[in-house]
Amino acid sequence: MARPREFNEDRVVTAAMETFWRHGYEGTSTRDLCDSTGLGPSSLYNTFGGKRQLYLRALERYHDTATAEQVEILRGPGPAKERLRAMMLHAVDTDLDEADGRGCFAINAAVEAAGLDPEVRGAVRRCFDRVEEELCAVVEEGRRAGEIRSTGDARTVARRVQSTYYGLRVLSRVHDDRETLVATVDGALADL
């Protein structure tokens, strides 16, 4: 008889995040979550309170992992425009390498559920705000170094970069030509 896996909440939330990321909130059944986490339906509900609560925890995990990875790239060494380009190219390459075309979990959640659920909206907004803050800091550094000449306040410029970045994440789900996506990145950065 197989021994049941020891309960590890981090592993369970990560497995649920991967399942929601791949199938979306509506496309993920309780059975899917049980299969991916190794928990039975009653354990899943007793531990997390339900599918929606687990989805919110999965979005928190995404914030703590993937959003943190974006921030790490933006805080890395090098000129401001190179760091912006590195973040965008990382997303392009990650999205193009994924066989299941899952894209960005936060963007997927924004499109699927944030308009209907204020807590999902808040969780997604937290991811977006964190990236925006880092982009704003990079824009300010780039301005001080003379790399970024765009007029307007730094937050507006950061939001323009962020809009391009998130647009790229969506575009890469339907457009698999890396050269075209890279040209979009380079064109956006040239305008800064």
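## Contact and confidence

Contact means heavy atoms within 4.5 Å.

The structure is a predicted model. The mean pLDDT of the protein chain is 93. A value of 70 or more is reached by 96% of the residues. Confidence is highest in helix α7, residues 118-144, with a mean of 97. Confidence is lowest in helix α3, residues 41-48, where the mean is 92.

## The whole chain

What secondary structure does the protein chain have? It has 9 helices and 0 strands. Read along the sequence, the pattern is α-α-α-α-α-α-α-α-α.

The C-alpha atoms fill a box of roughly 65 × 30 × 30 Å, taken along the principal axes. The chain has 192 residues, and 44% of them count as buried. Take the contacts with a separation of 6 or more: 66% of them join residues 24 or more positions apart.

Two packed helices are described by the angle between their axes and the distance between the axes. For α5 and α7, the angle is about 150° and the axes are 8 Å apart. Angles over 145 degrees count as roughly antiparallel, so α5 is roughly antiparallel to α7.

Next comes helix α4, residues 51-74. The axes of α4 and α5 come within 8 Å and cross at roughly 150°. That angle makes α4 roughly antiparallel to α5. From α4, the contact uses E69, Q70, I73 and L74. From α5, it uses R83, L84, A86, M87 and H90. These residues divide into 5 nonpolar, 2 polar and 2 charged.

## Helix α5 beside α8

Is α5 roughly parallel or roughly antiparallel to α8? Helix α5 covers residues 80-97, and helix α8 covers residues 154-171. They pack at an angle of about 15°, with their axes 9 Å apart. Angles under 35 degrees count as roughly parallel, so α5 is roughly parallel to α8. The crossing of α5 past α8 is right-handed.

On the α5 side, the residues in contact are L84, M87, M88, A91, V92 and D95. On the α8 side, they are V161, T164, Y165, L168 and R169. The contact has 8 nonpolar, 1 polar and 2 charged residues.

D95 is in helix α5. Is D95 buried or exposed? Its relative accessible area is 6%. Buried means under 20%, so D95 is buried. Leaving aside neighbours within four places in sequence, D95 is in contact with G103, R169 and S172. D95 and D176 are 81 residues apart in sequence. In space, their C-alpha atoms are 9.0 Å apart.

R169 lies in helix α8. At 6% relative accessibility, R169 counts as buried. Which residues does R169 touch? Not counting residues up to four places away in sequence, R169 touches Y62, Q70, A91, D95, G103, C104 and I107. A91 and D95 are among the α5 residues that meet α8. G103 is in contact with D95 and with R169.

## Two residues of α4

Q53 lies in helix α4. At 33% relative accessibility, Q53 counts as partly exposed. Q53 and E119 are 66 residues apart in sequence. C-alpha to C-alpha, they are 9.7 Å apart in space.

E60 also lies in helix α4. Its relative accessible area is 36%, and E60 is partly exposed. E60 and D129 are 69 residues apart along the chain. Their C-alpha atoms are separated by 13 Å.

Technical notes: Residues numbered from 1 in each chain as written. Predicted model: local features only at pLDDT ≥ 70, side-chain atom pairs only at ≥ 80, totals over all residues. Heavy atoms only, no water. Axes fitted to C-alpha atoms, helices over the stretch in contact; angles between N-to-C directions. Helix = DSSP H or I, 4+ residues; strand = E, 2+ residues; numbered from the N terminus. Parallel < 35°, antiparallel > 145°, perpendicular 65-115°, else oblique. Left-handed = near helix turned anticlockwise from the far one by under 90°. Nonpolar A, V, L, I, M, F, W, Y, C, P; charged D, E, K, R; others polar. pLDDT = per-residue confidence, 0-100. Buried < 20%, exposed > 50% of the residue type's maximum accessible area, 1.4 Å probe, protein only.
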